[in-house]
Each structure stands twice: as structure tokens, then as C-alpha cells.
Amino acid sequence: MADPALQAIADAETQEEIERFLVEQERKDLLRFITCGSVDDGKSTLIGRLLFDSKLIFEDQLSALERDSKSAGTVRDGIDLALLVDGLQAEREQGITIDVAYRFFATDKRKFIVADTPGHEQYTRNMATGASTADAAVILIDARKGVLTQTRRHSFIAHLMGIRHVVLAVNKMDLVGFDRAIFEEIVADYRAFAEALDFETVTAIPLSALTGDNVLRRAAEATPWYDGPTLIEALEGIDAARDWSALPFRLPVQYVNRPDLNFRGFCGTITGGRVRPGDAVVVTPSGKATRIARIVDFHGDLDEAVAGQSVTLTLEDEIDVSRGDVIAAEAAPAQVTDQFAAHIIWMAEAEMLPERQYLFKFGSQTANGAVTELKHQVNVNTLEHGSAKTATLNDVVFCNVALDRPIAYDPYRENREAGAFIIIDRYSNQTVGAGMIAFGLRRATNLQWQALDVDKPTRAAAKGQKPAVLWFTGLSGAGKSTVANLVERKLTRLGRHTYTLDGDNVRHGLNRDLGFTDVDRVENIRRVGEVAKLFVDAGLIVLVSFISPFRSERAMARELVEEDEFVEIFVDAPLAVCERRDPKGLYAKARAGAIKNFTGVDSPYEPPETPELRLAAGDRPAEDLAEDVVAYLRARGLID
């Protein structure tokens, strides 16, 4: 039996060693980097090699890896190190990376968090996600294939995301006999492309992730002609330190903490600068100025807080501060705008359509908005700017964006946290894009609403009616215009002031420059929605008769007016009935291929999910349908 006194001494020494080890780890610098490049360039194998050679694989993990390599591995008679990070069943079945996998490892000099990102073009959005928090990028190139399109695309995205340091890992050199000429040709090709990307450092290394040559150990025999660093030496030597505390102070408010009547604090993570009690600050976008009263965290009051810390601030004055606001240094406040220019990486199968409404999320701020102008598309092979009307999956475009309210921001190049945003589809809630703000548009702050003495209630009172939009939607031939015309006649007889905006009529003037592509259809409805809003502001009952095939644009039109001023009327006639009627002969031409992008034939119609009124227009007379509309308006109190 061990002496209790000796055991106590041994336990104390062990605890002291653990504490010493933790202190050493705490003092080590942390580098976050990604591995990226084209498919099958060996990214997962490289990370597996780093973990394996760093001796960070436990015995049970190694046993499981040996077992999995026999059933799902791609390496004959050996361990498939890629399986350490490719954990999804679909990844193992296909031998590819799909999702982003994060791994931690450390050397004597530094700590690392590496993100293994997919190489398939289909999953470029996942690569962008990994790059958004990285300080450096390890870009892999298969020595047999050279620089590919996906190599260039990932390099450009890394540049957009603010990554300044690149390690060019020319992998699978063992398969080309460690040929120096091949390596130098690939490096020259890549440097010629990357010159325009303005990376601070590009370090090229010939290596083999499979054998470990030039990863952690130098391959003197295989590459006697190479005298540069190994991969781990290059990563240890990257100077990625960014003094975020030197930036102007920023704290996006994530939560208003009100536990009792005596405390009201504003919680968030500081994204730039430092703050002390007594500092002068301004709340954006409201512009209200005050001073910091206290800085509080879990342990109590602090004398100072810096970028990266999560704290609660209290203010000297009782001013309105809400989630999404930004508390900033008064001497260097955040910029405020509702229009800006930005690079956008499109991440969805569905096209990005200018003027379509999306949700734009900036940290804890969310606003409705749209891309108002697509300035250019970037060719990832040549970095040239080309024209484009839409953006498709993996496109990188430079756009103007307009929001429905001002937001506080900093240009992405100055502050990654304050200048980044994501775009969300309002119906599916899927993230469809990621963006980086370049600059605010000056006209956004130069324009202000002109105050008018005669307003909408005054105009409506003069007409003795409640203004509204009656939005008739349905397929071509459903009877929208016929029913709308009859409804207007009935309202006129009742002494109501009305106006009808008909799809064909408007295209003779206001929208004569628009075609029938999805982009033009979106713009068509945007313009009509704005005109309808003006008519409502004039106190009129406006009847809008448009196919308006997309739910998103009908929702946009609805949001332009007050909640009780919009009535969506679905003139619901089956496609077969509409084709049988075909008053203009359009369906026949579309079926024959003479008309492109015809709704119901080769362009979709998204029927309303919850319209205020649905008219079964397939077998009922138009006169009866018009009476139904008038009866509904009476029941709603829109007419007497």
C-alpha cells in the first residue's frame, strides 16, 4: 500500500504539472486556417496527417481508424487518414468532403484550429463559411492536375473574406516523382493568378500528405532541391496577429438585460476597440450620445474591456437601445446607411433576382432589402469583370443593395464582423448568399422625405372612403382583368374613387422596356407595387390585375402599404380551362415554342397560400365573381 503522504505529494506534483501545462497552452498564439482547393486534392488526408504526426490521435481513435480504413478507406493496405475528418456517411461513401469539419491541434510553438472545407463546386458555400473566420488558407493543388478553376475560385473567395496569408501546398508530389520542374511550373502559374489578389504572403511547399513528406518532417531525400519550410513550419511562422483593440470601439447589442428595476444592461461581444467606464459613446443608427457607466461580466465590474470579450454595458443616460443597435465610440462612430455596395457570393440553386425581396442579416441586425443593381460578375479564372443580370450558384457579384431601414456598419476591409452579412430567403429561411460591404452609397444619406401638409388620411377623408389595393392574381386567361373591370364599375356606381392598373396596359408605357424573364417580371411587379402605393396615398381604391407569378413579389407589394390596405384576390382557374379559353392565343404560341418564359407553360406560377379571397373562376360567371369581391369589401368595412 502506498504511503498516504507520498501519494499526496505525487498528486500535488501532478496537479502542478497540469496547471503549468494549461498556463503554457493559454500563452500560445492561436492560428485559425482553412484547407481548400479543388476536389480530390487531398485536403482531408493532409489534416489527418497533421493530427497523426502531431500525436493527437488516441489509441481508441487509432483502432477505430484502422477498422474504418478497411471498410470505407481509399488507401490500399494502409490507414486512410482522411477518415479522421470525413465523418459523414455520404462523405465516406463518395470519398469527398461535404460539410466543414473543424479540428484542433497544437505544436510546441502554436495552437491551431483548422477547417477542412469541401472542394466540390456544389459546396462552395461551405468553403466560404470556413473562410469567414480564418486567418490563413492552405490551398492544395494536385501536382498531376495543376491550377484548376476551383483553385482560383477558392483563392478569390479567401481574398474577399480578408485572408492575407496563403500556403500553396502542391500535394501528391510522390505521384509525379517529386519532379522539381512540375512544382515550379505550378507555382509560377498560381503566382501569376494570385498577383492581383494582393495576399501578404504566398508560401509554396512540395509535399505528400499520404507519406508525410514536407508536412511535419523534411523530405531531404525526396526533395533535395527544396530548402523552404515544411508545412507546419510555415504555419508556425505566419504573422496573423490583428490588433482588433486598435480599431474604433464597436459593440453590437445582442440582448437587453433587465433582471430588475435597478439594472438595465446591453449585452454583446466587442467586435473592435476597447472601452472603459466614462468613455463617450453613440448608439447607432439612432445617433443618441451618452457615456459608459459600468462594464460588467460574469465575475463583476471591469475597468476595461477589449475586442473579443463578451460583456454587459450600462449607460449613464436612459436612452432607447434595442437588439441590433451598435454602441460605438463617439469620436469614430459606425457608419449608417440603408444603401450600400457589396460583393456577394451566391449560395443557392435558385437565381438571385435583382429587386426581389430578401432578409439581410448583419450580426444581430435584420432588415428587408433587395439587390437594386448588379454592377458586375467576377470571372474567377481571369478576375475580369463581366456583365450579368442575375447570379447563379457560386457566382461572385458586385451589387448595390437597398434596405427598408438604416443599419450600422463598417466596411468589411476595416472590420470583418461589422461589414459582413448573410442573405436569407424569406419563404424557405435558407441562407442563399453571403456578402461583404465595400462602401455605403452617398445618395442614401442625401435623400430625405419632404414633409407635406396634405396626407393620406386627409385625401381619403375628402373622398369619403378607405383607400386599398385589390390585387388580382392568377394565370393568363383566368379572368383577372374581366373581374377587375366589373368590380371597378360596381364601385364607381357606389360613388367610390378608383383606378385600375392592368398588366397589358402598363406594359404599353411605364413598363414597355421590360420583357418576360424572371428578372423582368420581378421589376415589373416592383414598379407596379410602387405606383399602387402612390394611388393608395392619394386616397384611391386601386385595382391591380397582374399575373404576378411569384409569392415574394406579391409579398413585397403587400408590405408597401398598411396591413389592412391590401387585399389579395386569387382568380383561381385550372390551367386546362385557361388554355381552352386562350383569348389572345398565347398558350398555343407558347406550346409551339414561339413565346418563351410563358407562365404556366415554361415559367412557374406560385399560387397564393393564404389569399384574402379566392375566386373559383373555372366554372362561375365573371359577374358572380365580381359580386363576391364587392360583398367581401362590405364585410371588411372597406365600402359601405
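The expected span of a helix is 1.5 Å times one less than its number of residues. The model to which this is applied is predicted.

**Exercise 1.** Determine how the span of helix α6 (residues 149-160) relates to the expected value, and whether its residues are mostly buried or exposed.

*Solution.* 
1. Helix α6 contains 12 residues, for which 16 Å is expected.
2. From the first C-alpha of α6 to the last, the distance is 17 Å, close to that expectation.
3. Buried means under 20% relative accessible area; by this criterion 11 of the 12 residues of α6 are buried.
4. The buried residues of α6 include R152, R153, F156, I157 and L160.
5. Just after α6, G162 adopts a positive phi of about 90°.

**Exercise 2.** Characterise the packing of helix α14 (residues 518-537) against helix α15 (residues 551-559).

*Solution.* 
1. Two packed helices are described by the angle between their axes and the distance between the axes.
2. For α14 and α15, the axes come within 9 Å and cross at roughly 15°.
3. Angles under 35 degrees count as roughly parallel, so α14 is roughly parallel to α15.
4. The crossing of α14 past α15 is right-handed.
5. On α14, the contact is made by V522, I525, R526 and G529, and on α15 by E553, M556 and A557.
6. These contact residues of α14 and α15 comprise 4 nonpolar, 1 polar and 2 charged.

**Exercise 3.** State how many helices and strands the protein chain has, and what share of its residues is buried.

*Solution.* 
1. The protein chain has 18 helices and 28 strands.
2. Of its 640 residues, 50% are buried.

Note on methods:
Residues are numbered from 1 along each chain as its sequence is written. This is a predicted model: local features need pLDDT of at least 70, side-chain atom pairs count only at pLDDT 80 or more; totals for chains, interfaces and linings use all residues. Side-chain values use heavy atoms; hydrogens and water are left out. Axes are lines fitted to C-alpha atoms, for helices over the stretch in contact, and angles run from 0 to 180 degrees between N-to-C directions. Helices (H or I, at least four residues) and strands (E, at least two) are DSSP runs, numbered from the N terminus. Angles under 35 degrees count as roughly parallel, over 145 as roughly antiparallel, 65 to 115 as roughly perpendicular and the rest as oblique. A crossing is left-handed if the near helix is turned anticlockwise from the far one by less than a right angle, and right-handed if clockwise. Contact means heavy atoms within 4.5 Å. Ala, Val, Leu, Ile, Met, Phe, Trp, Tyr, Cys and Pro count as nonpolar, Asp, Glu, Lys and Arg as charged, and the others, Gly among them, as polar. Buried means under 20% relative accessible area, exposed over 50%, partly exposed in between (1.4 Å probe, protein chains only).
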